[in-house]
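I opened this entry to keep track of what I looked up in the structure. I go topic by topic.

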Amino acid sequence: MSESDLHISTQDKKSHTTVKLAGQIDAKAAPNLNHKLHELINQGKTNLILDMGGVDYISSAGIGTFLAITKAVKGQGGQMILAGVIDEVQDVFDLLKIDQVFTFAPSVAAAEKKL
Amino acid sequence: MSQSLTIPKTLPKSQEARTWLSSMLHSEFAEDFSPKERNRILLSLDEAITNIVDHSQQASTIEITLERHNDSIKVVIVDDGEPFDPLTYPAPAMEDHLQGKDHGLGIHILLQIMEAQYSRSDNKNYLVLTKKIT
């Protein structure tokens, strides 16, 4: 495993699915993440909490994936919440001034209360 | 100080370049830039390299040179692909983001962080990126 690998694990709850991410969301990892999240949406899982606490790097490829997934879940009446984003990663959203496109929560527990 | 790395135009090698750049920024510029600024510089360089890997049809290699000057960091990225001037690429609009589109996001990040100059010479693209030490 290289340091750029991204680990993805999912946990289904009654009202939503939590997707735990750990690693780096770069141009290599983003297509696989995009594929897995679309698989969930295709299964009708459109309320997604992305546990970002373990993500220490994101590039535009990762942001692009989140833009596409946000649009897809909203189109089906769901929502995507980014939970526990660390400062270094939050800075990328702030830099692009697109933080208002996304819903953030400080933790998975806080995200669950938003659903 | 001047250090160079040449990689073949592949995604795995662009990750290796990021690791190298991260190490260089940490070792050579730790006192010049805050951790946040170093992260931003690393991101911008990753975006510049990834853009060549993703979109250049003809490039075979990418050469990255990192120079330390008294008041700035200078990074020169050279590829042997078809002409492409990122400075002329339009910035994405918010409406595009809301539609789930991400075209031009990487270049937008790059130009938000670094001063950029583009030139074409000897059938190569030269992208010179600088950031002043504040």
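**A covered helix.** I started with helix H3 of chain A, residues 87-96, in this predicted model. Seven of its 10 residues are buried, and H3(A) is mostly covered. I listed the buried ones: A:Val89, A:Gln90, A:Asp91, A:Val92, A:Phe93, A:Leu95 and A:Leu96.

What covers the buried residues of H3(A)? I found parts of both chains in the cover. From chain A, the cover includes strand E3 (47-58), helix H2 (60-75), strand E4 (79-83) and strand E5 (103-105). From chain B, H2 and H4 take part. I also checked what comes just after H3(A): A:Lys97 takes a positive phi of about 55° there.

**Between the chains.** Next I turned to the interface. I noted that 25 residues of chain B are in contact with 24 residues of chain A. The area buried between the two chains is about 2100 Å². Carbon and sulfur atoms give 61% of that area.

How many salt bridges are there between chain B and chain A? The count is three. One of them joins B:Lys36 to A:Asp91, with the closest N and O atoms 3.7 Å apart. A:Asp91 is also among the buried residues of H3(A).

Which helices of chain B supply the side that touches chain A? Helix H1 (11-28), helix H2 (35-55), helix H3 (94-98) and helix H4 (105-113) each supply at least two residues. H2(B) gives the most, with eight residues. By type, the residues on this side of chain B divide into eight nonpolar, 10 polar and seven charged.

**One loop residue.** I picked out B:Asp32, in the loop between H1 and H2 of chain B. Is B:Asp32 buried or exposed? B:Asp32 counts as buried because its relative accessibility is 16%, and the cut-off is under 20%. Its side chain makes a polar contact with the side chain of B:Arg68, at 2.4 Å. Leaving out residues up to four places away in sequence, B:Asp32 touches B:Glu37, B:Arg68, B:Ile133 and B:Thr134.

**Confidence.** Last, I looked up the scores. Chain B averages a pLDDT of 92, and 99% of the residues score at least 70. Within chain B, confidence is lowest in H3(B), at a mean of 73. It is highest in strand E5 of chain B, residues 124-132, at 98. For the complex, the predictor gives an ipTM of 0.89 and a pTM of 0.92.

Note on methods. Residues are numbered from 1 along each chain as its sequence is written. Chains are lettered from A and ligands numbered from 1 in the order in which they are written. This is a predicted model: local features need pLDDT of at least 70, side-chain atom pairs count only at pLDDT 80 or more; totals for chains, interfaces and linings use all residues. Side-chain values use heavy atoms; hydrogens and water are left out. Contact means heavy atoms within 4.5 Å. Buried area is the accessible area (1.4 Å probe) that two parts lose on being put together, summed over both. A salt bridge is a side-chain nitrogen of Lys or Arg within 4 Å of a carboxyl oxygen of Asp or Glu. Helices (H or I, at least four residues) and strands (E, at least two) are DSSP runs, numbered from the N terminus. Ala, Val, Leu, Ile, Met, Phe, Trp, Tyr, Cys and Pro count as nonpolar, Asp, Glu, Lys and Arg as charged, and the others, Gly among them, as polar. pLDDT is the predictor's confidence in each residue, from 0 to 100. Buried means under 20% relative accessible area, exposed over 50%, partly exposed in between (1.4 Å probe, protein chains only). A polar contact is a pair of N or O atoms within 3.5 Å; within protein, one must be able to donate a hydrogen and the other to accept it, and residues adjacent in sequence count only if both atoms are side-chain atoms.
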